[in-house]
Amino acid sequence: MSFLRSFIMPVLVFAGLFGCFPQKKETTKNEETTETRNAPVAEEIDAGAGDILVGSVFPLTGPIATYGQESLNGIKLALETINAEGINGKKMRLISEDNKGEPTESANAVRKLINVDKVHVIFGSVASSNTLAGAPIAQAAKVPLLTPASTNEVVTKKGDYIFRSCFTDDFQGVVMAKFARETLKKNKALIVIDVASDYSRGLAKVFQKNFVELGGQVIEGTFTYNQGDKDFRSLLRKVKRAAPDVIFVPGYYTEVGTMLQQARQMGFSVPFLGGDGWDSPKLKELAGSEGIKGNYISSHFSPDDQDPAVQTFVKNYKAKYAQLPGAMAALGHDGMLVLAHAIRSIKTEITHEAVREALSKVRGFMGVTGTITIDENRNAKKSAVVLETTPNGTTFKQKVSP
Ligand code: PHE
């Protein structure tokens, strides 16, 4: 309750100060272009009561809502730790925006956090296409942005203010190609792509290249779907005719879950593989206990990890939320701690430039998702895990270091 108040109240106060709340406006294409072109450089930070303002952009509603909900859970746990100690006498305060899982909403949220709330730093988002929509706005305004979860290669190439505290798809795609070839000993892969998703297309490409380099064959053809699709049966019939011995689907849990359920009904018996986008408590609900069985994903975190720090996190998370933390809970938690760690090292005034510089210097930060070092490309080199999806959640298979 007190936590909720601590980040909702400031938003209400700001809303009051500005008379109306600008983020709910219509967003036509033209308006967006104009606003992007005129993106102001936020030189001054109004720190309000002297707090450090973190503007977060997560999908709290819509088709990928569990990513945002889990993230916020993890963030709240991290904030308890951060604010118990304080940051050189200041507190960290979250201003949370819901991007509904959409690129346009993400861009609007970033703009609002910069122009209205005048945040010190932006935290988010999850889906790479969402972060890719917001990053150029943060970069143009020279406001640092840290994503805890967007793995597409291009994200941090948007500029020197854009950081991530997770690994990239260049790594994740290799992990799964190797797992398919060397552990599962598969020869003939088929890749199904969510066409409008930067994440899906990018990860598919890396998997394809590496599976072939490792001596496997990737079946040619177009096997695609769109976010929001609910009937995958004609696509699956086409997949079946191609007779792969493994199917790679780098998608998000809502479509993948339904696809798995329909595949099992159609008698598929070959394993489906995926990436971190499958990591959601909703996956098994959608796939059903038959559909979920015997598939594998790469991800950032396993609640089975016996590392004492992980087990403490799992225990605290379960006590607070009565469920096991998934990847996004752990990534949200770690990303927030990385931000606090970086800002704590600033001995001068906390400007956007100072935060940018502090983030670029993060080395060897021990999180529950692994050890986080920000490299010269503003990415984190970290280990990945391979998990088997089961009716009870996930089972840890292996940990792969970069
Ligand atoms: N890596 C995904 C992307 O870039 C987002 C994601 C991360 C989803 C972790 C679930 C868990 O789009």
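This report walks through a predicted model, from the whole chain down to single residues.

**The chain as a whole**

The chain contains 13 helices and 16 strands. It has 402 residues, and buried residues make up 50% of them.

**The ligand and its shell**

The ligand is surrounded by 15 residues. The closest are Ser-128, Ala-149, Thr-151, Tyr-199 and Asp-276. Eight residues of the shell are nonpolar, five are polar and two are charged. Helix H12, residues 327–344, gives the largest share of the shell, with three residues.

Where does the ligand lie relative to domain 1 and domain 2? Domain 1 covers 2–167 + 311–382, and domain 2 covers 169–299. Both give residues to the shell, so the ligand lies between them.

**The largest nonpolar core**

In soluble globular proteins, nonpolar side chains tend to be buried together. The largest nonpolar core in this model has 115 residues. Within this core, Ile-122, Ala-138 and Leu-339 touch the most other members. H12 supplies the largest share of the core, twelve residues. Domain 1 and domain 2 each give at least three residues to this core.

Ile-122 shows what such packing looks like. Leave aside its neighbours within four places in sequence. Ile-122 is then in contact with Gly-55, Val-57, Val-110, Leu-113, Ala-138, Val-143 and Leu-145. Two of these contacts, Val-110 and Leu-113, are also among the buried residues of helix H4.

| Helix | Residues | Number of residues | Expected span | End-to-end C-alpha distance |
|---|---|---|---|---|
| H7 | 198–213 | 16 residues | 22 Å | 23 Å |

For H7, the reach is close to the expected value.

H4 is mostly covered, with ten of its 13 residues buried. Those buried residues include Glu-105, Arg-111 and Lys-112, as well as Ala-107, Ala-109 and Ile-114.

The buried residues of H7 include Leu-203, Val-206, Phe-207 and Phe-211. Tyr-199 is also one of them, and Tyr-199 is among the closest residues to the ligand. What do the buried residues of H7 pack against? Their partners are helices H5 (128–141) and H6 (169–183), along with strands E6 (188–191), E7 (193–194), E8 (217–218) and E10 (246–248).

Gly-215 follows H7 and has a positive phi, near 95 degrees. Gly-215 sits in the loop between H7 and E8. Is Gly-215 buried or exposed? Gly-215 is exposed, because there are 8 other C-beta atoms within 10 Å, and a residue with 12 or fewer counts as exposed. Gly-215 and Lys-188 are 27 residues apart in sequence, and their C-alpha atoms are 9.9 Å apart in space.

Thr-61 lies in another loop, between strand E1 (52–58) and helix H3 (65–85). With 13 other C-beta atoms within 10 Å, Thr-61 is partly exposed. Not counting residues up to four places away in sequence, Thr-61 touches Asp-98 and Lys-100. Thr-61 and Asp-98 are 37 residues apart along the chain, yet their C-alpha atoms are separated by 7.1 Å.

Terms used: Residues numbered from 1 in each chain as written. Predicted model: local features only at pLDDT ≥ 70, side-chain atom pairs only at ≥ 80, totals over all residues. Near = placed C-beta within 6 Å. Helix = DSSP H or I, 4+ residues; strand = E, 2+ residues; numbered from the N terminus. Nonpolar A, V, L, I, M, F, W, Y, C, P; charged D, E, K, R; others polar. Domains from an automatic or database assignment. Core = buried A, V, L, I, M, F, W, Y, C linked by C-beta atoms within 7 Å. Buried ≥ 20, exposed ≤ 12 C-beta atoms within 10 Å, placed from the backbone. Contact = placed C-beta atoms within 7 Å. Expected span 1.5 Å × (residues − 1).
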